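Subject: Structure for your review

Dear colleague,

Please find below the structure that I am handing over to you. I would be grateful if you could look through it before reading my notes.

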Amino acid sequence: YFNVVFNIIDIDGFIIKDKKIIIVEIKEKSPNKNKKSPDNKQFWFYGWDTRRILWYAFIQRKIGLDILYTVRQTNNRREKEFIKWDSIFLNDFLKVVSWHKSIDGGGGEGTLIAPYNHFKSLDQVLSKYNFQGKTYD
């Protein structure tokens, strides 16, 4: 007899055009910044919870859809003024992630980090798939 606990992870959205479907993970946050050089974007990064990365990697492998991690970048946690959409595909995130360093995430879980300069605007990322149009905040 086994007790099984399921921790269902939601899917935030889908982008669909013609017969192309992309699964989207959406977060709202500011990039993490280096305290010594807060204006130097070379030291900025975003994190992604490891349990969510593993879930999305499993889904991607099982059904073959691309996974897009999209961040609604805001000025800070308090005001949450929209700045822009930062995006990266799961496979690209995994290529640049810091495997030797993780941080505690918002839920007290492990979070892997990737340099901010590897994220692109949502329009740039979607143009790879000939998704064209205006993105909104």
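Predicted model: local features only at pLDDT ≥ 70, side-chain atom pairs only at ≥ 80, totals over all residues.

The protein comprises three helices and eight strands, and from the N terminus on their order is β-β-β-α-β-β-α-β-β-β-α. The protein has 137 residues, of which 35% count as buried. Among contacts with a separation of 6 or more, 58% are between residues 24 or more positions apart.

Ile-11 belongs to the segment before β1 (13–17). With a relative accessible area of 33%, Ile-11 is partly exposed.

As for the aromatic residues, the structure contains 11 aromatic pairs. In one of them, the ring centres of Tyr-69 and Phe-93 are 6.0 Å apart and the planes stand at 85 degrees, so this pair is edge-to-face. Tyr-69 is in strand β4 (residues 66–74) and Phe-93 is in helix α2 (residues 90–96), so the pair ties together parts that are 24 residues apart in sequence. Tyr-69 and Phe-93 are both buried. They also belong to one aromatic cluster, whose other members are Trp-44, Tyr-46, Trp-48, Tyr-56, Tyr-116 and Phe-119.

With kind regards

Methods: Residues numbered from 1 in each chain as written. Heavy atoms only, no water. Helix = DSSP H or I, 4+ residues; strand = E, 2+ residues; numbered from the N terminus. Buried < 20%, exposed > 50% of the residue type's maximum accessible area, 1.4 Å probe, protein only. Contact = heavy atoms within 4.5 Å. Phe/Tyr/Trp six-rings, centres within 6.5 Å; stacked < 30°, edge-to-face > 60°.
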